[in-house]
2 protein chains.
Amino acid sequence: MIRVAILGYGNIGRAAEQAILSAPDMTLAGIYHHDSCLECIDSDVVLLCTPTREVQKFATVLAARGICTVDSFDIHGQIWELRSALDAVCQVHKSVSIVSAGWDPGSDSMVRALLTALAPKGITYTNFGPGRSMGHSVAAKAIKGVKNALSMTIPLGTGVHRRMVYIELEEGADFKTVEAAILADDYFAHDETHVIAVESVEALNNVAHGVNLVRSGVSGETHNQRFEFNMTINNPALTGQVMVSCARAAFRLKTRGGFGAKTMIELAPIDLLPGSTEQLVKALV
Amino acid sequence: MIRVAILGYGNIGRAAEQAILSAPDMTLAGIYHHDSCLECIDSDVVLLCTPTREVQKFATVLAARGICTVDSFDIHGQIWELRSALDAVCQVHKSVSIVSAGWDPGSDSMVRALLTALAPKGITYTNFGPGRSMGHSVAAKAIKGVKNALSMTIPLGTGVHRRMVYIELEEGADFKTVEAAILADDYFAHDETHVIAVESVEALNNVAHGVNLVRSGVSGETHNQRFEFNMTINNPALTGQVMVSCARAAFRLKTRGGFGAKTMIELAPIDLLPGSTEQLVKALV
């Protein structure tokens, strides 16, 4: 049994707990909070269900203790730097860190890589939603006069998105002023954005999300090869599940001596799954 | 540069040739026919574009010479046995064989494995077509009174398929008798099958194919997680491209000392692609 601990107990930590308890080859080795003593964690793998900006700090300490980590770090432009920093620690201390193991970055990345291998020339469009964007919701909430905000990402195709921003105004705030400030914010200025005042943002809350990932490309010299990947999912449940599946891969890589930090495109799908190679090849190939 | 040779020069061999010539990191090391001297082949990898039943014979000889092979062996029930047999040869002779590297089995298998990792409980349906089934076409052509035949696979959902069988009758053959024989054949008896007489089967010929792969499952304890993978493709072009992408993976595995036989679910998507880890992580994750 793989002993998996959780650090951080928000939506994703809770979902990861359920995925661990549902896994036939894992035991839950503890749930820890951000201020826990990292030296006290005794497990094979720790899932870092903390805010993204705290991932590197925790992963570094744990990897240096030889404990594998999995995170769902989601700042696309900084993934390579995180992977490089953790790779160095993991190589020295013989551990494995799987970085950016969510659905995007994460499982969508695996699909993008596979589709590029199937049709090397072409364009992939990743269309997100409909679903809540945490980054945009936080940005809208930071605007003066906004008490609470929810920004929904609506896919318009070819990677273009509409933002539907639902706001609860603070007492006395002027809607037109707030709306103008949101539309001028760098998070919203480049997309079609609609601002809507509502009584209660909480009443709209829904963790549904989705993706429509499309590639049209060329295999060899043959054009018009068309591929599409769609999903509609509960966001934290999928993220937690992906992290748990990657915990299995981290443990196996460490067992095989494949130390270092890896993103999901560097993992073989079979290592995400419980069971023997024979069972999985017979069931899935 | 990876030196890749082709053994067998039918539809798939020709498509593989185009994919090799389009690859930035490969050179074409020769095109060989079934009766060629295998001992004369000098390359890093050989693509076995031969009939499926000849794959094991050729792969065994080449693997024993330390040459990597890639095949698109497509008899689902015998893949594990082929992999096991070639694995033993590859381990002894330090080579790598990628087996069943087409689109199904092959890239679809990677998608099925990934979707199972995203929602471990649930059902995956693989719906094929519309497209030509070689096995069914050959079976229909073998019926007495049939001069030529084309069996199209039409997806009806939940893994159920309709067979549209277009036949050219031999001089004097009775349509009703031939139709009854086709409907009674074990290849067709279990599916909804329609037999249609045509003037020319060749006039209908089209290598288009497709898949609609659907999974609804449970992530952790959260139900109703829905995933779908669709493609509409030129069949030999995609098969040839998958084999060429897997030739790259075979070469890399051998370079890293990862000898043995593997199916595509045992490969990391990044190894299918040209470029450095840094380039690919930055572009795709």
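1. A:Asn224 is partly exposed in this predicted model. Its relative accessible area is 47%. The residue sits in strand β12 of chain A, which covers residues 222–234. Phi of A:Asn224 is near 65°, a positive value in a residue other than glycine.

2. B:Ser100 also has a positive phi without being glycine, with a value near 60°. B:Ser100 is buried, because its relative accessible area of 1% falls under the 20% cut-off. This serine belongs to the loop of chain B that runs between β5 (96–98) and α4 (107–118).

3. Check the cis peptide bond in chain A. It joins A:Asp104 to A:Pro105, with omega about 0°. A:Pro105 is in the chain A loop between β5 (96–98) and α4 (107–118).

4. Chain B has a cis peptide bond to look at as well. Here B:Gly129 is joined to B:Pro130, and omega is about 0°. The loop holding B:Pro130 lies between β6 (121–128) and β7 (131–132) of chain B.

5. Now the helix pair of chain A. Helix α2 of chain A spans residues 55–64, and helix α3 of chain A spans residues 79–93. Their axes come within 9 Å and cross at roughly 15°. The two helices are therefore roughly parallel, since the angle is under 35 degrees. The crossing of α2(A) and α3(A) is right-handed.

6. Which residues make the contact between α2(A) and α3(A)? From α2(A) come A:Val55, A:Gln56, A:Ala59, A:Thr60, A:Ala63 and A:Ala64. From α3(A) come A:Leu82, A:Ala85, A:Leu86, A:Val89, A:Cys90 and A:His93. Nine residues of this contact are nonpolar, three are polar and none is charged.

7. Next, strand pairing in chain A. Strand β7 (residues 131–132) and strand β8 (residues 146–155) run antiparallel, joined by two bridges. A:Arg132 has A:Met152 in β8(A) as its bridge partner.

8. Strand β8(A) also pairs with strand β9 of chain A, residues 161–169. Nine bridges link these antiparallel strands. A:Ile154 is bridged to A:Arg162 in β9(A).

9. What lies between the strands in the hairpin of β8(A) and β9(A)? Five residues do. In this hairpin, A:Gly157 takes a positive phi near 95°.

Note on methods: Residues numbered from 1 in each chain as written. Chains lettered and ligands numbered in written order. Predicted model: local features only at pLDDT ≥ 70, side-chain atom pairs only at ≥ 80, totals over all residues. Heavy atoms only, no water. Axes fitted to C-alpha atoms, helices over the stretch in contact; angles between N-to-C directions. Helix = DSSP H or I, 4+ residues; strand = E, 2+ residues; numbered from the N terminus. Parallel < 35°, antiparallel > 145°, perpendicular 65-115°, else oblique. Left-handed = near helix turned anticlockwise from the far one by under 90°. Contact = heavy atoms within 4.5 Å. Nonpolar A, V, L, I, M, F, W, Y, C, P; charged D, E, K, R; others polar. Pairing = 2+ DSSP bridges. Buried < 20%, exposed > 50% of the residue type's maximum accessible area, 1.4 Å probe, protein only.
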